[in-house]
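Subject: Structure for you to look at

Hello,

Here is the structure I said I would pass on. My notes on it follow below.

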Amino acid sequence: MWKKWIDRLELFKCLTLTKCWNFALLAGSFGLSRGSKKVLFAGLPVAISIEPTTACNLRCPECISGLRAFKRPTGTLQIELFKQVIDQLHHRLIWLTLYFQGEPYLHPHFTELVRYARQRGIYTATSTNAHFLNQENARKTVESGLHRLIISIDGASQATYERYRIGGKLEKVIEGTKNVLAWKKRLKSTTPHVIFQMLVLRPNEHEIEQVKQLAHQLGVDELQLKTAQINNYQNGSPLIPLQSKYARYARQIDGTYQIKNPLNNSCWRMWHSCVVTWDGKIVPCCFDKDAQHTLGNLTEESFLHIWYGKAYQHFRQQLLLSRKEIDICQNCTEGMKIFQS
């Protein structure tokens with residue numbers, strides 16, 4: 001528990017009066033908008049995700065990157081574009097997730113991106129399959145000041161792990177984790193907060209206890225059990241866990257499945273955060289994996305112009321009136337009570 005408090009303290013260090021006031025403006029305008037069903041808006045995002053790359057070394061079956069099934073252009077984030085975004089937002093931005101699709105450590109200058117954001121007082125986080133956390137990258141990760149490192153570990157045995165993380169090696173995940181923890185200790189650093197994240201699926205739910213034991217054995221800071229997004233869940237899937245509390249979907253009387261989310265006409269994400277793709281497109285959230293709802297492009301206009309622009313305001317208004325009619329919302333967890341250890 002004390003490790004979580006250290007992580008929270010690191011987040012607290014990133015706060016300023018300006019950032020807190022900006023958060024209050026966003027929360028207040030969201031509350032008024034939800035009550036009136038009209039978009040009332042003030043403030044800039046307190047959290048964003050920026051995509052370092054769409055490339056990935058694995059072939060996970062529910063991942064658009066793993067399936068190599070993108071309909072949008074693929075590529076790698078340019079450092080200058082990244083700096084442009086950070087420079088426009090850092091006075092109000094609290095949290096940066098350097099991840100959307102793809103494996104972030106495939107970006108040749110990933111830790112440089114982290115360092116740049118960290119130096120501007122932003123809490124930085126990423127999610128990785130840990131296959132590239134060799135000694136050099138582990139050292140650079142700790143030295144960069146990355147606050148939070150989420151490591152995907154979807155099984156305690158190779159046979160189980162590779163059923164979803166196709167092409168992956170559990171031994172590489174364990175080795176990479178050890179490397180980061182060793183460098184963290186050697187450099188006497190409080191960061192990154194290392195999290196094992198297990199995506200609970202039917203093929204691996206029997207190994208939850210073993211994953212907990214492995215996390216304890218290695219000495220990671222936290223273990224999270226996360227429900228999985230299934231793309232075509234309506235008729236069921238061999239990936240949906242048998243233990244209901246780990247599933248985002250509920251089986252109906254007729255044998256079909258429905259998402260547990262009632263999809264109420266509101267979405268806090270549309271007021272406090274957004275996603276920036278590798279090539280500068282701004283999309284509403286992480287559920288728009290193929291950038292079908294591009295709201296602007298930072299290579300053509302400023303963030304402020306896009307954030308307050310007609311396209312964004314129209315999208316927010318749609319959510320307030322009929323969220324169920326928006327395709328990317330059909331599999332969304334916003335507003336849904338889901339299990340997460």
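Tyr249 is buried, at a relative accessible area of 3%. Please keep in mind that this is a predicted model. Tyr233 is also buried, with a relative accessible area of 9%. The ring centres of Tyr233 and Tyr249 lie 4.3 Å apart with the planes at 20°; a pair counts as stacked when the planes are under 30 degrees apart, so this one is stacked. Tyr249 belongs to strand S7 (249-251), whereas Tyr233 sits in the loop between strand S6 (222-227) and strand S7, so the pair ties together parts 16 residues apart in sequence.

A second stacked pair is made by Phe303 and Trp307, whose ring centres are 5.7 Å apart and whose planes are at 25°. Both residues are in helix H10 (residues 303-307), four residues apart, and are therefore separated by about one helical turn. Phe303 has a relative accessible area of 1% and is buried; Trp307, at 0% relative accessibility, counts as buried too.

Over the whole structure, the search finds 12 aromatic pairs. Phe303 and Trp307 are also members of one aromatic cluster, together with Phe23, Phe30, Phe41, Trp268, Trp271, Tyr308 and Tyr312.

Met270 is placed in helix H9 (residues 269-272) and counts as buried at 1% relative accessibility. Leaving aside neighbours within four places in sequence, Met270 is in contact with Phe41, Trp307 and Tyr312, and also with Pro284, Cys285, Phe315, Arg316 and Leu319. Between the C-alpha atoms of Met270 and Tyr312 the separation is 8.7 Å, although the two residues are 42 residues apart along the chain.

The last item is a helix pair. Two packed helices are described by the angle between their axes and the distance between the axes. For helix H3 (residues 79-89) and helix H4 (residues 110-119), the axes come within 11 Å and cross at roughly 20°. Angles under 35 degrees count as roughly parallel, and H3 and H4 are therefore roughly parallel to each other. Their crossing is right-handed. On the H3 side the contact is made by Ile79, Phe82, Lys83, Ile86 and Asp87, and on the H4 side by Glu112, Leu113, Tyr116 and Ala117. The residues of this contact of H3 with H4 comprise six nonpolar, three charged and no polar.

Regards

Definitions and conventions
Residues are numbered from 1 along each chain as its sequence is written. This is a predicted model: local features need pLDDT of at least 70, side-chain atom pairs count only at pLDDT 80 or more; totals for chains, interfaces and linings use all residues. Side-chain values use heavy atoms; hydrogens and water are left out. Axes are lines fitted to C-alpha atoms, for helices over the stretch in contact, and angles run from 0 to 180 degrees between N-to-C directions. Helices (H or I, at least four residues) and strands (E, at least two) are DSSP runs, numbered from the N terminus. Angles under 35 degrees count as roughly parallel, over 145 as roughly antiparallel, 65 to 115 as roughly perpendicular and the rest as oblique. A crossing is left-handed if the near helix is turned anticlockwise from the far one by less than a right angle, and right-handed if clockwise. Contact means heavy atoms within 4.5 Å. Ala, Val, Leu, Ile, Met, Phe, Trp, Tyr, Cys and Pro count as nonpolar, Asp, Glu, Lys and Arg as charged, and the others, Gly among them, as polar. Rings of Phe, Tyr and Trp (its six-membered ring) pair if their centres lie within 6.5 Å; planes under 30 degrees apart count as stacked, over 60 as edge-to-face and the rest as tilted. Buried means under 20% relative accessible area, exposed over 50%, partly exposed in between (1.4 Å probe, protein chains only).
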